[in-house]
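This report describes a protein model in terms of its contacts, strands, helices and charged pairs. Please read it with the sequence and the structure in view.

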Number of protein chains: 2
Amino acid sequence: MRPVDLIRKKRDGAEHTREEIAALVNGYTAGSIPDYQMSAWLMAVLLKGMSRTEIALLTEIMLNSGATMDLSSIPGKKVDKHSTGGVGDKTSFILAAIVAAAGLTVPMISGRGLGHTGGTLDKLESIPGFNVNLTTDNFMSVLKSCGCALIGQTAEIAPADKKLYALRDVTGTVESPALICASIMSKKLAEGIDALVLDVKTGSGAFMKKKEDAVHLAELMVETGQQMGKRVAALITDMDQPLGRTVGNSLEILECIEIMRGEDGPLSKDLRELSVELSAWMFFLTDKCDSVDAGRNLAEEMLTSGKALDKFKQILRLQGGGDISVVDKPSRLPHAAHTTEFKSSSDGFITAMQCEQIGIASLVLGGGRSKKEDTIDHAVGLILHKKVGDAVKNGESLCTIHYNAVSDSDNRLSQALEILESSYTIAVDRPAINRPLVHQVVGGALRARGAGEISIASL
Amino acid sequence: MRPVDLIRKKRDGAEHTREEIAALVNGYTAGSIPDYQMSAWLMAVLLKGMSRTEIALLTEIMLNSGATMDLSSIPGKKVDKHSTGGVGDKTSFILAAIVAAAGLTVPMISGRGLGHTGGTLDKLESIPGFNVNLTTDNFMSVLKSCGCALIGQTAEIAPADKKLYALRDVTGTVESPALICASIMSKKLAEGIDALVLDVKTGSGAFMKKKEDAVHLAELMVETGQQMGKRVAALITDMDQPLGRTVGNSLEILECIEIMRGEDGPLSKDLRELSVELSAWMFFLTDKCDSVDAGRNLAEEMLTSGKALDKFKQILRLQGGGDISVVDKPSRLPHAAHTTEFKSSSDGFITAMQCEQIGIASLVLGGGRSKKEDTIDHAVGLILHKKVGDAVKNGESLCTIHYNAVSDSDNRLSQALEILESSYTIAVDRPAINRPLVHQVVGGALRARGAGEISIASL
């Protein structure tokens, strides 16, 4: 079984056997198959695709390339959520607190931001003292104490994915549904969870701009998870504008604390709703609640009772001595030296926001990374004052830019302003179409039903 | 212009600019673009294709990655032939002698065999003392003296192709018409020729099994050569059975000498005809003759007068003191220690020969290479006694196997016999279909016309 023959096989559109995928993935992880053969194979996979069976095999082999968490010593169901990434996407902090507050275990292993999307770990590290690098022992101990721990991927978890992802990143082979599915699912299934809710974003700020692509990826991931004996559902959710009212690490933590404190305003409505919705599905898939509707009620109860906020404080306290005072006094979060308003130059209604561009505006301020090596300025970002459908007057602020200037020649603010200039579409008439927050549910073919503005179509 | 963006561009099926192709090819040749990015790009090229313009640009940039021969100090037209490779394909020696004997210059830079196809250099090296590694000065001096020199690719010629080909070989990216075209044409155009005849093989022993694939490659090469100001035509020729009656290095040289000496039998008819036909096109494209038909007559004259044989002797004499006595006494060519007959086990007619398998039978005897590092046994091979359409009796020899046994455990003969067993199809009835020797001519839209059994359809 020479690697070149396996490359040729996939190039010609044939289906790999378990042994072939294992030879490739394990050979590459062990270093016996060189980068240049693996990248040719990855490109063949991207362009020729993989069958559902191949994807499940690839996921399983990548999962088994490293350690898996054994959470059997912790009683009760374990559940997690994974998002494909977006702008202002910060549901993790709220739903982890809600779900753990209700008694489930949430062993959340997350990543860092790259490109226009933010990363859970970066946002957490804007909280002074928060430690995302726990040892496995510490991770277990935090999980047992409070039902939730939020950490980064360890070297032990899915090393094949780590090596493959680095190669995909530099060889134009990221955008393969098969490879994305195996990458996500191999890491998530290594967490030793019983159930998983996937938040697959679609829209101008999402990785999958087109809804059909998002649905396709969701179907692959749901089926792969179910084949491996997990309860999995995917929500196709809207990322055609930022979620909530903030974009940027500490600003996003601030907004989450506002919601958990019950101090949120109308511009955070979508964020609060989606956090509740994802929590509801986590309750439903673990049989904590017997319907998604009952799950919503339980999530609401965790929020309004303050139990989620208490849980969030507990997580902060346990993870390396995080400064829990930020929860009571969010002003203690890092803040930028300067703010300036980005103003509308016309009267009308916002009919569209170029969501990815808004993420990039935050990135160029220092809030994100264009390369893996870049460091993050946790304080910078945007606070939105208007979203799609809102009326706006000439001269009225669309958003407040929080920025730092590290030198006289620093042109990050002007770059961000330039990007924002082309990110808003303002028209005379109020836009007619209102995109739903949840477009569709994949794999939730049980007792899901629509509620309020959230449209759910079970598959 | 990051390499990853160029990979993504080709992956998405877009067309590269000149600057983009130059950045990739020159960056890779210089070592600034790593193998793993180039192999992903090569796979994207293989699966997404290249436009005619991209192929011409790629060829030109690969050509200019190294030195080109300046033959302007040699008077008259320079012309070469290139074959895509086959089994028993040995026209080069005959046509080089014919065309040089008629006063044209043939600067022939050739390759070695790999897999089931033989290589011109390997065959030449079966002649005791023949030197294929001339310096550029010696090459020019031989060319000036006798109008023909036969050498291997130098390090100076198209180094981009050398590096790319090695990578393609191990990454399943050999079989791209665009890449094959650029590889062949960049080397051939570096020879400083005015005209080029391409022998594109099709059939069970060819690289392109299907005629439409051969025609497609031929069209790409003809158009690329013409775009670069050369007169180019391609003959789509049959490789559904070996050409001539011998397969194996010294055995093939022997057959060529027989033809030049006028001692050839009926089983060498196709080889003699194709050598004449290719020579005729070389005469026609250089305006040595004003029709292909006149070219055939001139080629015949060179053969029957003995002038081609004299020219062949002269080449041997000039290229490093080759033993010209082999021309007069071909028995002085290296010969194997043993021979054995491979016999038919039934009465009937040969209806098909698995041509690639017959090439592999010679390879396993030691006559070819399965890896680049393999050494060649010049003496071994097959002498065919029957070809497609011939009647055969049970027990009659189909071919004589020439072999050496290097050790007691040497099982090369038994391997070859096993392969031969499955290579012949013998049926009761004489086969009705007779494949033409020349299926089609691409790019010869001038005054070509059919002659005798050779069917030529101008495009």
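## The interface between the chains

Chain B and chain A bury about 1700 Å² between them, and 68% of this lies on carbon and sulfur atoms. Buried area here is the accessible area (1.4 Å probe) that two parts lose on being put together, summed over both. Arg11(B), Tyr36(B) and Leu47(B) supply 34% of the area that chain B buries against chain A, more than any other three residues. In terms of contacts (heavy atoms within 4.5 Å), 20 residues of chain B meet 21 residues of chain A.

The rule finds four salt bridges across this interface; a salt bridge is a side-chain nitrogen of Lys or Arg within 4 Å of a carboxyl oxygen of Asp or Glu. In one salt bridge, the side chains of Arg8(A) and Glu175(B) meet at 2.6 Å, N to O. Arg8(A) and Glu175(B) also belong to a network of salt bridges that includes Arg11(A) and Asp12(A). Arg8(B) forms a salt bridge with Glu175(A), with the closest N and O atoms 2.6 Å apart. Arg8(B) lies in helix α1 (residues 3-11) of chain B, while Glu175(A) lies in the loop between α8 (159-170) and α9 (177-189) of chain A, so the pair joins two chains.

## Basis of the values

The model is predicted, and local features need pLDDT of at least 70, side-chain atom pairs count only at pLDDT 80 or more, and totals for chains, interfaces and linings use all residues. Residues are numbered from 1 along each chain as its sequence is written, chains are lettered from A and ligands numbered from 1 in the order in which they are written, and side-chain values use heavy atoms, with hydrogens and water left out.

## Salt bridges within chain B

Over all chains, the structure holds 72 salt bridges. In chain B, Lys201(B) and Asp89(B) meet through their side chains at 3.7 Å, N to O. Lys201(B) lies in strand β4 (residues 195-202) and Asp89(B) in the loop between β1 (79-83) and α5 (91-101) of chain B, so the pair ties together parts that are 112 residues apart in sequence. Lys201(B) is buried at 0% relative accessibility, and Asp89(B) is buried at 12%.

A salt bridge also links Glu125(B) with Arg112(B), the closest N and O atoms being 2.9 Å apart. Glu125(B) is in the loop between α6 (120-124) and α7 (136-146) of chain B, and Arg112(B) is in the loop between β2 (106-110) and α6, so the pair ties together parts that are 13 residues apart in sequence. Glu125(B) is partly exposed at 26% relative accessibility, as is Arg112(B) at 39%.

## Helix α5 in both chains

Helices (H or I, at least four residues) and strands (E, at least two) are DSSP runs, numbered from the N terminus. In chain A, 10 of the 11 residues of helix α5 (residues 91-101) are buried, so the helix is largely enclosed by the rest of the structure. Among them are Phe93(A), Ile94(A), Leu95(A), Ile98(A) and Val99(A). Gly103(A) follows α5(A) and has a positive phi, near 105°.

In chain B, 10 of the 11 residues of α5(B) are buried, so this helix too is largely enclosed by the rest of the structure. The buried residues include Thr91(B), Ser92(B), Phe93(B) and Ala100(B). Just after α5(B), Gly103(B) takes a positive phi of about 105°.

## A sheet and a helix in chain A

Four strands of chain A form an open sheet in the order β6-β9-β11-β7, with antiparallel pairing. The edge strands are β6 (246-247) and β7 (338-343), each pairing on one side only. Two strands count as paired if DSSP finds at least two bridges between them. β6(A) pairs with β9(A) (residues 381-384) in the antiparallel sense over two bridges, and Thr246(A) has Ile383(A) in β9(A) as its bridge partner.

Helix α16 (residues 355-367) of chain A lies across β6, β9 and β11 (397-403), running at about 140° to β9(A). For such angles, axes are lines fitted to C-alpha atoms, for helices over the stretch in contact, and angles run from 0 to 180 degrees between N-to-C directions.

## The nonpolar core

A nonpolar core is a set of buried Ala, Val, Leu, Ile, Met, Phe, Trp, Tyr and Cys residues joined through side-chain atoms within 4.5 Å. The largest one has 300 residues, of which Leu382(A), Tyr424(A), Leu382(B) and Tyr424(B) touch the most other members. Not counting residues up to four places away in sequence, Tyr424(A) touches residues including Phe342(A), Ile350(A), Met353(A), Leu384(A) and Leu398(A).

Conventions
Buried means under 20% relative accessible area, exposed over 50%, partly exposed in between (1.4 Å probe, protein chains only).
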